[in-house]
Amino acid sequence: MQELQDAPLAPLTTIRLGGPARRLVTATTDAEVVETVRRADRSGEPLLVIGGGSNLVIGDKGFEGTVLHIATRGRDLDGTALEAAAGEIWTDLVDETVLRHGLAGIEFLAGIPGSVGATPVQNVGAYGQEVADTITEVVAFDRSADSVVTLAGTDCAFSYRHSRFKAAPERYVVLRVRFALADADGLSTPVRYAEAARTLGVEPGERVELTAAREAVLKLRSGKGMVLDPADHDTWSAGSFFTNPVLAPEQFAAFSARVRDRLGPDAAFPAYPAADGSTKTSAAWLIEKSGFSKGYGSGPARLSGKHTLALTNRGQATTEDLLALAREIRAGVQAAFGVTLVNEPVLVGAEL
């Protein structure tokens, strides 16, 4: 276990922003993770937990407390049952299950940066797949009970980019995640997402070769600047900065009217059925139709030149630069369509 004082945090995030931590602890075993959390809790010291730093925006003043960087490792595959330590690199785990073992279930989540422990917190998903589809159990340290607990996937309250871990961020620290994958003779799960189906040349609901699914997703993500590349500032982001809005029936009716008023009576717009009669629309579409095109901005924080959902650090940005851009975009979408965008990354020492 390594401890550093006044340690920079920006290098631990994919957007490369944020001030220093008063104390940075890097833990490589579950026991070290639990020990660090207990020590902070018993002393009343503020604690911030970081995994891969891909869904995190830290304020310019940093964090006045202990930052716990989870760097645990370990994978165990028993047939189609997979267990992985929280600190494992997610992209490596996907690649191993697809390329080495030929197992389906997380192949459409290839190329997503970050660590395994973050996936249940955010219910990470893309291209019609989300980890809630395959997670069977999450082993976590429950700070309220001061004990390690095992939660069944059905008890994790998974919903769109949400979970019980995200709802109670101060309570749980994920230690291990267990998945139930599938042996489909080298084939993927059914392709659900229209863009992925088009790229693969199949109809939604069909299956494809696992490797083809992975390669298609990596191609799509790369084209949007969503695969990390240190030399490409379009990838210096926290991924999608805003979630896709889910609108209740009355909200959707008002939104539809705003679209017709702004774009004409025959304007088409993204609309996908969601739970409880709600409708999900596209945050990227809203941003673009509100006048914010790819590459928007003139300062050190700008929209990605590849995708309007990614707010990027062009190399010299501060967190406040990024937040100013996010506020401008949020206000513009609200004014144009009456929809309030919600940030997807976790904000620490910062707010919109």
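Is tyrosine 193 buried, exposed or partly exposed? At 37% relative accessibility, tyrosine 193 counts as partly exposed, since buried means under 20% relative accessible area, exposed over 50% and partly exposed in between (1.4 Å probe, protein chains only).

A word on the ground rules. Residues are numbered from 1 along each chain as its sequence is written, and side-chain values use heavy atoms, with hydrogens and water left out. The model is predicted, so local features need pLDDT of at least 70 and side-chain atom pairs count only at pLDDT 80 or more, while totals for chains, interfaces and linings use all residues.

**Exercise 1. Classify the ring pair of tyrosine 127 and tyrosine 193, and say what it ties together.**

Step 1: get the rule. Rings of Phe, Tyr and Trp (its six-membered ring) pair if their centres lie within 6.5 Å; planes under 30 degrees apart are stacked, over 60 edge-to-face, and the rest tilted.

Step 2: apply it. The two ring centres are 5.4 Å apart with planes at 90°, so this pair is edge-to-face.

Step 3: Tyrosine 127 sits in the loop between β8 (125-126) and β9 (129-130), and tyrosine 193 in the loop between β12 and α5 (194-200), so the pair ties together parts 66 residues apart in sequence. Helices (H or I, at least four residues) and strands (E, at least two) are DSSP runs, numbered from the N terminus.

Step 4: check burial. Tyrosine 127 is buried, at 9% relative accessible area.

**Exercise 2. Work out the strand order of the open four-stranded sheet and find its edges.**

Step 1: the order reads β1-β2-β5-β3, with mixed pairing. Two strands pair if DSSP finds at least two bridges between them.

Step 2: β1 (2-8) and β3 stand at the edges with a single partner each, so one side of each has no neighbour in the sheet.

Step 3: zoom in on one pairing. β3 and β5 run parallel over four bridges, and valine 49 stands opposite leucine 68 in β5.

**Exercise 3. Find what phenylalanine 108 touches.**

Step 1: contact means heavy atoms within 4.5 Å.

Step 2: leave out residues up to four places away in sequence; the contacts of phenylalanine 108 then include Tyr127, Val191, Leu200 and Val217.
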